[in-house]
Amino acid sequence: MSTKITNDPNNADNKGPGIGEPFGEQSFEVLTEAPLPPVNEFVRFMKVFCRRKVVVFGLFLVLIVLVAAIFPNQLAPHDPLTINLLRTLEPPSADFLLGTDDLGRCTLSRIIHGSGLAMQVGVATVLVSSVIGTVLGLIAGFGGKFLEELIMRFTDAWISIPGMILIMLMAVILGRGVFGLVLAVALGGFPGYIRLVYGQVMTVKQNDYIMASISMGDSKMRIMFKHILPNCISPMIVTMTMGLGGGVMAEAGLSFIGLGLAPPTPAWGGMTDAGRAHLATLPWLSLAPGMAIVILVFGFNMVGDGIRDALDPKMRGTNN
Amino acid sequence: MERLLTVKGLTTEFRTERGIVKAVNNVSYHIDGGEILGIVGESGCGKSVSQLSLMQLVQSPPGRIVAGSAEFNGVDLLKYGRKSKEMSSIRGKDMSMIFQEPMTSLNPAMNIGKQMSEVLITHLGTTVAEAMERSADMLSQVGIPDATKRLKDYPHQFSGGMRQRVMIAMAMLCTPKLLIADEATTALDATIQAQLLELLYEIVNKYNLALTMVTHNLGVVARYADRVNVMYAGRIIETGTTKEIWANPLHPYTEGLISCVPKLGQKLEAIQGMPPALIDRPPTCPFLARCKYRQSECHKEPVAELTPVDGQHATACNVRLKEAGVA
Amino acid sequence: MSENNVVSTSSEVTSTPQTGNTIDVTNLKMYFPIRRGLLKFKVGDVKAIDDISFSIKPGETLGLVGESGCGKTTVGRCILRMYEPTSGSVVFNGRDITHDKQSQLRSVRRDMAIIFQDPYGSLDPRMSAGNTVGEPLKIHKLTKTKKEYKERVEELFILCGLNPDMSDRYPHEFSGGQRQRLSIARALAGDPSLIVCDEPISALDVSMQAQILNLLTTMKEKNNKMSYLFISHDLLAVQYISDRVVVMYLGRIVETAPSVELYANTRHPYSQALLSAQPMPDPVAEETRQRIILEGDIPTPLNPPPGCSFHPRCTKATKECSEVPPPLRDIGGEHFVACHHA
């Protein structure tokens, strides 16, 4: 047999050992198995993410709000705080696209300026509650029987308190600043993250690779951070994205019942509340900020949905 | 024995976004009444898909039977639609299939008696009482004690081996002409597997059925099959009687497969490499990259059709066909 | 194997007798309590392992066969101290590790490794192949520089027939056989004296099985002090790779003998049935071969039959078998069998 064949450029299949090399005798041939073609994780992620149009639309909505939050002064036609008592309660017009409120402030400008707050509160609450939840969840899942019982029973108790009442109570205690607001909403949400992380740790712990790590003499800490945490990340990201909408809603709810930020700071929930008195005659006063809330929450939820699909482990490793 | 099933040029494709996978590629074979045919090969070689294609049970989409005919009992199975009345009346009546995992083939929320009698009522139009009686009779034939009582049990109340017995009983209810066992005993423990294989063998002999055994276990084929089809990368690459194939394996893959099984005191000869991807295959022999007998012509010639060398013994290896002076 | 290849790593040997074996298991029992109800009262025990003893010499491969529920996997995990045995002792390289705490065990663990059945579950999907293989090196700080680490990982890849260029790929990009090679490479990284192979080939295709078996044999040829505990239900594979074989049934050893002896002169009715249940890939031999088909299912270890636990399925069973559990008797030539009638 000749070596000519091995070098045959037309032979795409020839990835096995060369002709004339003994098979099995010296079993250290490199590349006895042809590698599968590489998969670009990011490309695959984007492909799945973009497959559903509604998800892309959601991302588009979130991006619009994000732009508004970053450049409120450039985008808003008027100053959101300037009171103009000569032009109160005007209907939408070329001058004021969404009309004015009872102090003559431009509704559109106030919505644009409120977007920053909505975003901040959403992101901050999710970050705070997920960090607390992850730490406690990991401890509960990996810190021994006593801590597990303690944390999980505490979580059960915490969850049994109706969320809004808890948040209201916290808001009253912590005061009406952004900090208090974020903390109140975060404290209402963190037990959910504890349960999520704890459940995930429990599932990941069952895997053979954790047992393999233990058998190699790996320390608990290293197993927790090298193996368990990375495998908890995907469901965390999904829940966090979904949680952004929840944070925005909670903030709006608090503002609506008057426990949000003190006026005159433009907040979507507060604006919806302020327009309530004129709901029958001037519905846009409440509807406009209400719609802004709907758009942002819907956007966050759709993005979360898309990420969930794209991170689905069943899809991993495939190009479709 | 008369010819029961003749498959010609069966080709089944799966559409994936990477391309079209030819899971079954131009497969032709036959099975006679009362014969046991073994189909062996590794995972992904198309042995299961070929059988599912015959039963019209391939998930569609993404699967699609693109060519071929399968004459069973005088009718072409592949002409019928997946959900056609004709196909449903053949499935489970003239042709039955036993799968590897009985738990997924049985309805967990319905007792065994009801599931079994339903088969009889739909196919043969028997009364409920008659169906129950026949079901109980069948269960005791497959070695389930207290059959009448156990009709009221649900699938989870049976052990793995017993569940597979129930599956055999269910497949046998309408005394089909052809039974297809798709890795039916693979998931079971050795001694239980032996029980079931022996049971299957007895039943097939008793009712003079044809049996297609799809398996990766060469031992099972060697013990029970009359004839063997060896499949690789969607094709049958060798066929013949079991004894012929073991005594004189023609295709290098068959030879490799037989020497892959550990034997005491002998150095194990593994087939190097792994099975090829089935997307955009060149027309050359699919085993080429792993073959230790390949010659320079192999890289140029398209893969040979399954050609008889000696009676029923046929192979699709160009080199061996030339040596035998056939091609 | 001679007595002088003692691979002892431990200095704090207590009253353990020095046998020179890699593993000495004595009267090992592993019971898993079953708890029921709100207050989790103990209602019984699953006797996964019920009083077994064996040892593995340096360089020896011990095959452990049996069907599901016979406790073979539990034996492997007790030896690696994944579980703390209920009673008995496990002595590893002369050091009694039966009741050591996990923190005390860390230094021992460098010398032992495990290969699992499931090539998908045994590799962390979020860790690259290279880092997976190099894990033992990092844990036990076996390499000093980054360069040395990289070289060692590359060497392990080549040793196990993998392409080192793929070391930054993730496990899902490998096929089943390649993943099992990764597992083997990881197991070999710490240069262990014992590898527990827990059904390493059961999930693979026939041609991959042969490749992996060959890889395992070659690795042992390279390091003749390394021992395997090869757990499998595949008698042909066990016969091929093992020097000695232990047959287990419901948590007990029913027969143990050197591989050749066991297959040539099978004495226990269960071993005979197990051997006969494994179809030989040879149609001519199969034609004349005697088939022993056992009746009934495998009983659960929760409630094993009294006396010899095999007696309800045994053709030779007498009254004695249902009352007195047979001891493991020496019948000469390192062949032990636990049967009243063998």
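Guide: Let us go to the place where chain B meets chain C: 32 residues of chain B are in contact with 33 residues of chain C. Two residues are in contact here if their C-beta atoms, placed from the backbone, lie within 7 Å. This is a predicted model, in which local features need pLDDT of at least 70, side-chain atom pairs count only at pLDDT 80 or more, and totals for chains, interfaces and linings use all residues. Residues are numbered from 1 along each chain as its sequence is written, while chains are lettered from A and ligands numbered from 1 in the order in which they are written.

On the side of chain B that touches chain C, at least two residues each come from helix 8 (190-207), helix 9, helix 10 (242-247) and helix 11 (252-259) of chain B. Helices (H or I, at least four residues) and strands (E, at least two) are DSSP runs, numbered from the N terminus. Helix 8 of chain B provides the largest share of this side, with seven residues. By class, the side of chain B that touches chain C holds 17 nonpolar, ten polar and five charged residues. Here Ala, Val, Leu, Ile, Met, Phe, Trp, Tyr, Cys and Pro count as nonpolar, Asp, Glu, Lys and Arg as charged, and the others, Gly among them, as polar.

Now look within chain B, which is assigned domain 1 (3-225) and domain 2 (232-323), with bounds from an automatic or database domain assignment. Their contact takes 22 residues from domain 1 of chain B and 17 residues from domain 2 of chain B.
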